[in-house]
Amino acid sequence: PHNKSDMKINSLKGHITNIIVPITKRYYCIRTMTLLTKEERPSKLAEVPEWKMVESGRDAIARSFVFKNFNEAFGFMTRVALEAEKADHHPEWFNVYNKVDVVLATHDCSGLSQKDINLAKKMDSIAASMK
């Protein structure tokens, strides 16, 4: 475990953030997160047409999934959780019975990134395979 004072954070023009997190005293994990630019957003969002920008003004996308029952909804969440863990990108979600509401944003760069588009596509694919 580490605390924020251990992290070194660099940014370039507000779009690229490098976060260097100490894993041990000798080894570091370097992650580069890039916000989608204004020019990239229309084409990237067109790749996930069921997803919409969050109305609160937050730089994130959202979608609701509806399944036949709780079992199916929970199965969807389980399959997504496995993929999200592999990608080291975790959704914000809320489940009531057969409905799963999802918000995607990349916290490491405080907004929408390619990681969100990739996970949205994966979630769409998983949901489609369950019909």
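A: Helices (H or I, at least four residues) and strands (E, at least two) are DSSP runs, numbered from the N terminus. The expected span of a helix is 1.5 Å times one less than its number of residues. This is a predicted model: local features need pLDDT of at least 70, side-chain atom pairs count only at pLDDT 80 or more, and totals for chains, interfaces and linings use all residues. Numbering runs from 1 along each chain as its sequence is written, and side-chain values use heavy atoms, leaving out hydrogens and water.

Helix H2 covers residues 70-87. Its 18 residues should span 26 Å at 1.5 Å a residue, and the end C-alpha atoms lie 25 Å apart, which agrees. At its start, a side-chain oxygen of Asn69 comes within 3.1 Å of the backbone nitrogen of Asn71. Just after H2, Asp88 has a positive phi of about 50°.

Glu72, Ala73, Phe76, Met77, Val80 and Ala84 are the buried residues of H2 (buried: under 20% relative accessible area; exposed: over 50%; partly exposed in between; 1.4 Å probe, protein chains only). They fall within an arc of 135° seen down the axis, so they line one face of the helix; the arc is that of the directions from the helix axis to the C-beta atoms. On the other side, Asn71, Leu82, Glu85 and Lys86 are exposed.

The buried residues of H2 pack against strands S5 (61-66), S6 (92-96) and S7 (99-104), and helix H3 (114-129); contact means heavy atoms within 4.5 Å.

How values were computed: A polar contact is a pair of N or O atoms within 3.5 Å; within protein, one must be able to donate a hydrogen and the other to accept it, and residues adjacent in sequence count only if both atoms are side-chain atoms.
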